[in-house]
Every structure is written in C-alpha cells, then in structure tokens.
Amino acid sequence: MTEYIQINLIDIIENKGEPFAKEILSSFLCPQNIDIEDFLKKKAIVMAKQNTSPTHLVYAPYKGKYVLAGYYTITLKVLRVSKTALSSDLRKRISKFGTYSEDEKAYEIPSYLIAQLGKNYENGYDKLISGNELLQMACDRIREIQRLGGGKVTYLECEDREKLINFYERNGFKRFDKREIERSEKRLFKSDYFIRMLKYLG
C-alpha cells in the first residue's frame, strides 16, 4: 500500500517561508480544470494564512523521493438544504444537529465544504494517486475535525458533467441543489451552474 504524506500548507509557510511555498506550488499543473490550478497558485497561500480555507498538500513516493501528487482544500460553512432535497433517512440524521426553519422548509447545517480537490499532472504525477484516494483523505480529515468540534456532513460543488457526478456518487455523495456560477468564476468554467452534493459522514 502506498504511503502518502499530507502536509498543511500553513506549516510549510511557517517553517520554510512563503517564497519556498510559492516555489512548490508553481510547478502544479491541472490542464483538465483551470480553477484547481488557479486556486493553488494564486489564492491558497492567502487563505491558508487567514485560516479561512486550509489547503493540504499530498505527496507520493516517486523514484526514491516524495513529489506533490495532489491537494485538497476544506473550509467551514453553514449549509442550507431544502427538506425536500433529502431522503427521510437523511432528514432524520441531520435533524439531530441541524437547525430546521419551518418558514423556509430547510435545514441549516454546520458543515465542511471540500472547496478544492485536484491532482498534479506535472510529469505524470497524477498517476501516483487515484481520485478515490484523494477524496477519501479529504473526508477523513473532515471526520477528524468533526470529532473535536461536532458535525457529520460534508459537501462539495462540481460542474454538471456526468463523469464528475458519477465519481462523487460512487463515493457516497448525493445531489441536493444547484448554485449559479458567479460572474467572476465564469471564465474558468463551461457551465452556468454547479451541482451541489453532500455526504453524511457516519
């Protein structure tokens, strides 16, 4: 079994300095999704320093050394989900820690958003880790945080592409809503909206 190393970006910044961190991130390539590459190179350091959206770098062994294979970013949000978007079983689980609004017929749930999830295509490093493994790491990290602070739900947003949706559904996520893509984001995506998907981390 491959032994991956996960490093919080803020630890690199604090221990090695911001220029060193920028150099590491500058080599990351993700031509399949410009937003993933754009975020890591232009926004991840600022958000890590603000502690608003911590980024975790994932390293994999390659020819006797460890290389950057992928990353994920998580952030705390209050998620609003319509009652009708949830199965009866999921409503029952969520009602234990979510707040229900009778007026809006929706739950407000403290949850963690998997804001970014991507593999590094530089030198074929993307082949060193699967999407399933990377997503599992993000979910496991959120479980650790929730053990300390509570909560059971994570969610994400993705483009309305069958391959992407099938991938997340295979990993236990369920569709519950759509969100219109903001004007500032549209240059990075072909869709006009994101599919929103959640998972109960039981």
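1. Start with the β-α-β unit. Strand β5 (residues 106–119), helix α6 (residues 131–149) and strand β6 make a right-handed unit of this kind. Right-handed here means that, with the strands pointing away from the viewer, the path from the first strand over the helix to the second runs clockwise. Helices (H or I, at least four residues) and strands (E, at least two) are DSSP runs, numbered from the N terminus.

2. A word on the basis. This is a predicted model, in which local features need pLDDT of at least 70 and side-chain atom pairs count only at pLDDT 80 or more, while totals for chains, interfaces and linings use all residues. Residues are numbered from 1 along each chain as its sequence is written, and side-chain values use heavy atoms, with hydrogens and water left out.

3. Which strands pair with β6? β5 and β6 run parallel, joined by two bridges. Here Leu-113 stands opposite Tyr-155 of β6. Strand β8 (residues 193–200) runs antiparallel to β6, and seven bridges join them. In that pairing, Glu-157 is opposite Arg-196 of β8. Strands count as paired if DSSP finds at least two bridges between them.

4. Is β6 largely enclosed or open? Six of the seven residues of β6 (residues 153–159) are buried, so the strand is largely enclosed by the rest of the structure. Buried means under 20% relative accessible area, exposed over 50%, and partly exposed in between (1.4 Å probe, protein chains only).

5. Now helix α1 (residues 9–16). Its buried residues are Leu-9, Ile-10, Ile-12 and Ile-13. Seen down the axis of α1, they fall within an arc of 160°, so they line one face of the helix. The arc is taken from the directions from the helix axis to the C-beta atoms. Glu-14 and Asn-15 are exposed on the other side of α1.

6. What do the buried residues of α1 pack against? Their partners are β1 (5–8), α2 (18–26), α4 (44–50) and β2. Contact means heavy atoms within 4.5 Å. After α1 comes Gly-17, with a positive phi near 100°.

7. Check two backbone angles. Most residues other than glycine have a negative phi. Lys-63 has a positive phi, near 50°. Lys-63 sits in the loop between β2 (55–62) and β3 (65–82), and is exposed, with a relative accessible area of 73%. Asn-123 also has a positive phi, about 55°, though not a glycine. Its loop lies between β5 and α6. Asn-123 is exposed at 55% relative accessibility.
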